[in-house]
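Subject: Structure handover

Hello,

Please find the structure below, followed by notes on what was found in it.

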Amino acid sequence: MSRKAQRGKNNRPLTRPMRARVHSRCSKTGKQRYYDQLEAMIALQSTFQTDKGKRQERRFYRCPFCRGWHLTSQELRLAPTG
Ligand SMILES: [Zn+2]
């Protein structure tokens, strides 16, 4: 009867933070993906201060592909080109 000592595998305390809002990227658009509207809004406002000279993001929108939120520099239009 061989009985292994069960230790070392599930004996580790959970150190993973509760707020696992990892900013992944959208596989469809390749854009930075935000968790919710509020995060997108904050990120948008931060670009007003930091991204001077670069392309200016104008608004945020809900992505139908990843269900996340993205920033865009394009004005709202019904038929986006490109
Ligand atoms: Zn997306």
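A residue is called buried if 20 or more other C-beta atoms lie within 10 Å of its own, exposed if 12 or fewer, and partly exposed in between, with C-beta atoms placed from the backbone. Of the 82 residues of the protein, 10% count as buried.

This is a predicted model: local features need pLDDT of at least 70, side-chain atom pairs count only at pLDDT 80 or more, and totals for chains, interfaces and linings use all residues. Numbering starts from 1 along each chain as its sequence is written.

The protein has one helix and two strands, in the order α-β-β from the N terminus. Helices (H or I, at least four residues) and strands (E, at least two) are DSSP runs, numbered from the N terminus.

Strands E1 (residues 59–62) and E2 (residues 69–72) run antiparallel and are joined by four bridges; pairing requires that DSSP finds at least two bridges between two strands. Arginine 62 is opposite tryptophan 69 in E2. Six residues lie between the strands of this hairpin, and arginine 67 has a positive phi near 65°.

Serine 24 is in the segment before helix H1 (37–50). Serine 24 counts as exposed because it has 12 C-beta neighbours inside 10 Å. Its C-alpha atom is separated by 7.8 Å from that of tyrosine 34, 10 residues apart along the chain.

Of the contacts in the protein with a separation of 6 or more, 41% are between residues 24 or more positions apart; a contact here means C-beta atoms, placed from the backbone, within 7 Å.

Regards

Note on methods
Contact = placed C-beta atoms within 7 Å.
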